[in-house]
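Hello,

Here is the structure we talked about handing over. Please look it over, then read the notes below.

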Amino acid sequence: MISVKNWTIIKSKKLFYTVGYEEINSIFDKLKITTPEGWKELLESPHNIDEPRGWKSWIGEHFLKIIPDVNDNDNYNDYENIVAEIFTALGFKVNQMGHLMEKKDVPDGISKTEDLKNKFAIVYDPKNRKNFYPDSDERRAMKQDVNKFIDDPFLKDIDEERIYFAYIARGYSSGIDIGQIRNLIEVHSEGFLFTSEAMLRLLYWKIKLGPNFNLSKLKDLTSKNPINREDADEIYGRDMKKEN
């Protein structure tokens, strides 16, 4: 119980409990209390228990090179390497190819799960761009890569319908639609349109949830256009609430 002059806020009988910003602010206003600017900024900032301020500080400078507001003229190979490292950190086994095998006609990388009951894989293509939309050549290459690697030894224990395709980009053209992209590519499987920030947010959830990070939930993101930070929060924020 918190009592101020003639009015009382009752929230709970617990020793510690939360009081909403609007209620606290109204008390300060009635008492003509001027709060420090730092307090006001903290209280007015959008936040919740699943999204602490400064979440990017969990990630580190190395991975933050792929966020949208970093110069997209940076080394493309670095972008490709970081994407492979994030897939690895999330729990995938990754076969990175791309610039490591420049003279061969291969995808930039393939990631697959190993310890799940329903294993799946992702043939992926990172694009170091802020307004990406796959052109005809890029779609043709993705179709070829997916079909070519269905029978590859690396994916021998993955069912064909669980071999997905994915693009990863700093940002996408407005109106991009994953269903339309899939039809244009003419592949059997679903696909992902990951933004760079979504990949970083997934890494954040992996660090925060640790062994409770459920890799199989990534399949719930195949229908998003594109996959943003909020989409990652939607499926993994629930797991954080369960822990609390």
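Predicted model: local features only at pLDDT ≥ 70, side-chain atom pairs only at ≥ 80, totals over all residues.

A salt bridge here is a side-chain nitrogen of Lys or Arg within 4 Å of a carboxyl oxygen of Asp or Glu. Residues are numbered from 1 along each chain as its sequence is written, and side-chain values use heavy atoms, leaving out hydrogens and water.

Salt bridges first. The structure has 12. One of them joins K119 and D157, with the closest N and O atoms 3.2 Å apart.

E186 and K143 form another, at 2.9 Å from N to O. E186 is exposed, at 53%, while K143 is partly exposed, at 29%. K127 also bridges to D125, at 3.3 Å. Both of these residues are buried. Shared partners join D125, K127, R129 and E138 into one network.

Next, confidence. The chain averages a pLDDT of 82, and 78% of the residues score at least 70. Residues 1-13 stay under 50. Residues 45-52 are also below 50.

Last, packing. L218 touches F92, F120, F192, F194, L202, F213 and Y236, leaving aside residues up to four places away in sequence; a contact means heavy atoms within 4.5 Å.

Best wishes

How values were computed. pLDDT = per-residue confidence, 0-100. Buried < 20%, exposed > 50% of the residue type's maximum accessible area, 1.4 Å probe, protein only.
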